[in-house]
Amino acid sequence: MTDRKRSLSGIKPTGTPHLGNYLGMIQPAIELQEDYEAFYFVADYHALTTVRDPDRLRKCVREITATFLAFGLDVERAAFFRQSDIPEVTELTWFLSCVTHMGLLQRAHAYKAAIDEGRENEINHGIFTYPVLMASDILIYDSDIVPVGSDQLQHLEMARDMVRKFNNQFDGEYLKLPEPKIRKEVATVPGVDGRKMSASYGNVIEPLAPPKTLKSQVMSIETDSAALEDPKDPDDSIIVDLYRLVADEEDVAQMEENYRAGGYGYGHAKIELFETLRDHFAPYREKYEALMADEDRIDEVLAAGADKVRPVVNEVMARVRSATGVGA
Ligand code: ADP
Ligand code: TRP
């Protein structure tokens with residue numbers, strides 16, 4: 001293994017990757033391969049808390065893998081794998097469950113929201129225990145840093161809590177304390193309706209989708225009823241917010257000026273945003289499409305990734321079993 005510190009992150013295969021996933025997690029995670037040993041995975045066990053369509057799940061796993069490769073994850077240096085190819089994460093989940101109080105999990109945002117909305121009969125135990133599985137994902141690889149969007153901070157805090165409890169109760173430094181790594185400037189990418197872009201809200205923009213799909217997603221951005229000739233406020237516009245995330249500074253300044261001057265409609269702004277996204281992502285889109293047509297390559301990458309991380313898993317699990325007295 002290397003002397004570099006380890007960066008680890010996971011992404012759930014519940015939808016085609018969108019701009020929020022890309023800017024909030026995928027791009028920062030890939031950049032970290034320069035300075036860290038990168039371990040990234042597709043969280044298919046986590047997806048099972050909600051997904052009930054096996055073909056869709058398999059397809060999403062391929063899409064996410066192809067996305068990481070298209071955006072430049074270098075699988076010679078990094079490992080990209082399927083969460084479920086390392087079934088020991090479910091074993092470590094049990095060890096962590098036994099040092100985790102119910103109260104901690106009851107405070108988890110996703111669980112709390114379900115309870116507050118009176119949906120307790122609709123949620124399964126997997127959702128309740130989701131943060132423990134996620135902690136296990138992180139801790140089983142002795143991870144140093146975890147690049148995620150800000151919505152995952154609470155999960156990271158919980159993982160850190162579990163490390164302290166485990167190490168304290170078994171009296172040793174068995175698990176490593178991970179640090180979250182959040183990219184502040186893209187903390188939350190807005191979706192076409194202004195809420196957080198999320199597969200579950202159906203408000204996404206998919207940068208690698210065919211241009212026709214991309215265009216219709218951009219054109220569906222919600223706007224107010226200001227007339228074409230009216231001056232508009234660039235600081236109160238989803239289109240400008242998104243444009244700022246992907247366009248050059250001068251182009252952004254130009255769009256802001258056009259907004260203030262009036263005579264510039266939201267339709268114009270959407271077309272500029274669409275064209276910028278289409279052109280910026282064109283080379284990646286091409287690679288993505290080629291990879292999606294090559295299932296063997298995807299399978300090969302996932303298998304090699306799992307092989308690469310397995311020695312670390314064996315070491316950590318041996319430590320945990322020995323610390324607790326579980327097993328020989
Ligand atoms: P979704 O909300 O579409 O289901 P996930 O929860 O699977 O997305 O998120 C995968 C990763 O992408 C996480 O690290 C998350 O923080 C990041 N992410 C998701 N949506 C956004 C967003 N709108 N802005 C910034 N980052 C995001
Ligand atoms: N819960 C994360 C999300 O919804 C996905 C995830 C699962 C993850 N396991 C992880 C992220 C471990 C970082 C580390 O985005």
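User: How are two packed helices described?

Analyst: In general, two packed helices are described by the angle between their axes and the distance between the axes. In this predicted model, helix α7, residues 125-139, packs against helix α8, residues 153-170.

User: Which residues of α7 and α8 meet?

Analyst: From α7 the residues are Tyr-130, Pro-131, Val-132, Met-134, Ala-135, Ile-138 and Leu-139. From α8 they are His-155, Leu-156, Met-158, Ala-159, Met-162 and Val-163. Sorted by class, this contact has 12 nonpolar residues, 1 polar residue and no charged residues.

User: What should I look for in the backbone angle phi?

Analyst: Most residues other than glycine have a negative phi. Asp-142 is not a glycine, yet its phi is positive, at about 50 degrees. Asp-171, also not a glycine, has a positive phi of about 60 degrees.

User: Where are Asp-142 and Asp-171 found?

Analyst: Asp-142 is in the loop between α7 and β4, the strand of residues 145-147. Asp-171 is in the loop between α8 and β5, the strand of residues 179-181.

User: Is Asp-142 buried or exposed, and is Asp-171 buried or exposed?

Analyst: The cut-offs are under 20% relative accessible area for buried and over 50% for exposed. Asp-142 has 14% relative accessibility, so it counts as buried. Asp-171 has 67%, so it counts as exposed.

User: How do I read the surroundings of a ligand? How many residues surround ligand 1?

Analyst: Begin with the residues around the ligand, then go to the polar atom pairs. Ligand 1 is surrounded by 18 residues, and the closest are His-18, Asp-151, Val-189, Ser-198 and Ala-199. His-18 has a polar side-chain atom 2.7 Å from an oxygen atom of ligand 1. Val-189 takes part through its backbone, with an N or O atom 2.8 Å from a nitrogen atom of the ligand. An N or O atom in the Lys-196 side chain is 3.3 Å from an oxygen atom of ligand 1.

User: Which residues are closest to ligand 2?

Analyst: The closest are Gly-10, Tyr-130, Met-134, Asp-137 and Gln-152, out of 14 residues that surround ligand 2. Tyr-130 has a side-chain N or O atom 2.7 Å from a nitrogen atom of this ligand. For Asp-137, a side-chain N or O atom is also 2.7 Å from a nitrogen atom of ligand 2. For Gln-152, a polar side-chain atom is 3.0 Å from a nitrogen atom of ligand 2. Tyr-130 and Met-134 also belong to the residues of α7 that meet α8.

User: Where does Pro-234 lie?

Analyst: Pro-234 is in the loop between α9, residues 211-219, and α10, residues 238-246. Pro-234 has a relative accessible area of 2% and is buried. Not counting residues up to four places away, Pro-234 touches Val-240, Arg-244, Glu-256, Tyr-259 and Arg-260.

User: Which residues are in contact with Gly-15?

Analyst: Gly-15 is in the loop between β1, residues 6-11, and α1, residues 19-31. Its 12% relative accessibility makes Gly-15 count as buried. Leaving aside neighbours within four places in sequence, its contacts are Arg-56, Cys-60, Glu-63 and Ile-64.

Methods
Residues are numbered from 1 along each chain as its sequence is written. Chains are lettered from A and ligands numbered from 1 in the order in which they are written. This is a predicted model: local features need pLDDT of at least 70, side-chain atom pairs count only at pLDDT 80 or more; totals for chains, interfaces and linings use all residues. Side-chain values use heavy atoms; hydrogens and water are left out. Axes are lines fitted to C-alpha atoms, for helices over the stretch in contact, and angles run from 0 to 180 degrees between N-to-C directions. Helices (H or I, at least four residues) and strands (E, at least two) are DSSP runs, numbered from the N terminus. Contact means heavy atoms within 4.5 Å. Ala, Val, Leu, Ile, Met, Phe, Trp, Tyr, Cys and Pro count as nonpolar, Asp, Glu, Lys and Arg as charged, and the others, Gly among them, as polar. Buried means under 20% relative accessible area, exposed over 50%, partly exposed in between (1.4 Å probe, protein chains only). A residue is near a molecule or strand if one of its heavy atoms lies within 4 Å of it. A polar contact is a pair of N or O atoms within 3.5 Å; within protein, one must be able to donate a hydrogen and the other to accept it, and residues adjacent in sequence count only if both atoms are side-chain atoms.
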